[in-house]
Amino acid sequence: MDKVFIGTNWKMYKTIEQGKAYCQTLNDIAHNLDKRIQLFIIPSYTSLIPLRQEVDSSRILLGAQNMHWDDEGPYTGEISPSMLKEIGIDIIELGHSERRQYYNENDQDLNKKVLAALNKEFIPLLCIGEKLEDKEMGISKESLSIQLKIGLKNVTKEQVNKVLIAYEPVWAIGAGGTEAPSDYVHVMHNHIRNVLIELFEEEGKDIPILFGGSVNRGNAIGYLEGKNVNGLFIGRSAWDLQKFEPILHDIEQLLKR
Ligand code: PGA
């Protein structure tokens with residue numbers, strides 16, 4: 001494995017002060033960490049400007065949790081690509097299942113956001129995942145294919161090397177979620193890889209595919225052992241650095257194998 005992306009979405013948690021304290025410790029941890037581990041954090045909007053200064057930009061990428069596709073307009077409550085560019089954001093997380101579920105985000109709108117992010121030279125992190133009912137109906141792979149094909153429509157082969165995919169089965173996310181078995185995750189990542197190759201040929205082989213949903217110290221390495229698992233997108237187990245640091249050291253050991 002040449003590079004592994006390990007990141008965390010803070011959702012609607014952590015104040016600026018809590019975020020600063022987190023970043024100071026994470027900078028120290030990152031300093032001595034295997035350079036093949038690419039860390040990223042995705043705080044809430046109000047923390048982005050103060051944390052831009054806090055985070056060691058050579059080791060930790062900074063992301064936003066959402067973005068509108070237009071550069072300006074009458075869209076109360078939204079944040080535009082130019083606004084995020086102005087403050088030096090690296091990654092734009094798009095289509096997290098909570099956004100799809102509570103704010104009705106759909107694949108067509110997410111596609112506009114992916115294209116807007118690429119046009120502004122951000123790294124779009126497109127989140128996809130099947131719902132429990134899809135899994136029970138035996139259509140998980142179909143659901144993932146649809147989300148990828150619509151979400152990445154009109155992305156060119158030249159642009160796609162900037163894209164990150166996070167596979168997060170909706171039924172595995174959050175405190176009420178069920179941990180996904182690692183062999184299931186590996187099968188789904190292989191499927192996602194095949195769809196990416198179908199869409200982008202050679203270029204599809206190198207798009208990083210991260211796994212997320214109840215990742216913890218007990219299951220992280222098992223997931224990463226899948227050949228098409230190129231990183232982890234972690235919620236609860238990364239918000240507390242006492243839990244996150246041992247996971248990072250386990251990953252370092254895995255990279256030495
Ligand atoms: P979790 O969150 O690790 O707490 O399940 C994952 C996510 O929502 O991305």
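These legends describe close-up views of a predicted model.

**View 1. Helix α11 and its length.** Helix α11 covers residues 241-256. Its 16 residues, at 1.5 Å a residue, should span 22 Å, and the end C-alpha atoms are 22 Å apart, which agrees. At the start of α11, the backbone nitrogen of Gln242 has a side-chain oxygen of Asp240 within 2.9 Å.

**View 2. The two sides of helix α11.** Leu241, Phe244, Ile247, Leu248, Ile251, Glu252, Leu254 and Leu255 are the buried residues of α11. They are on the same side of α11, because the arc they cover around the axis is only 160°. In general, an α-helix has 3.6 residues a turn, so residues three or four places apart point the same way. The elements that cover the buried residues of α11 include β1 (4-9), α1 (16-31) and β2 (37-42). Exposed residues Gln242 and Lys256 are carried on the face turned away from the buried side of α11.

**View 3. Aromatic rings at Phe211 and Tyr223.** The structure holds seven aromatic pairs. In the pair of Phe211 and Tyr223, the ring centres are 4.5 Å apart and the planes are at 50°, so the pair is tilted. Phe211 lies in strand β7 (residues 209-212) and Tyr223 in helix α9, so this pair ties together parts that are twelve residues apart in sequence. Phe211 counts as buried, at 0% relative accessibility, and Tyr223 also counts as buried, at 0%. Ring pairs link Tyr167 with Phe211 and Tyr223 into a cluster.

**View 4. Lysines over ring faces.** Lys85 lies over the face of Phe122, 4.5 Å from the ring centre. Lys135 lies over the face of Tyr184, at 5.8 Å from the ring centre.

Methods: Residues numbered from 1 in each chain as written. Predicted model: local features only at pLDDT ≥ 70, side-chain atom pairs only at ≥ 80, totals over all residues. Heavy atoms only, no water. Helix = DSSP H or I, 4+ residues; strand = E, 2+ residues; numbered from the N terminus. Expected span 1.5 Å × (residues − 1). Buried < 20%, exposed > 50% of the residue type's maximum accessible area, 1.4 Å probe, protein only. Arc of directions from axis to C-beta. Contact = heavy atoms within 4.5 Å. Polar contact = N/O pair within 3.5 Å; in protein donor to acceptor, adjacent residues only side chain to side chain. Phe/Tyr/Trp six-rings, centres within 6.5 Å; stacked < 30°, edge-to-face > 60°. Lys NZ or Arg CZ within 6 Å of the ring centre and 35° of its normal.
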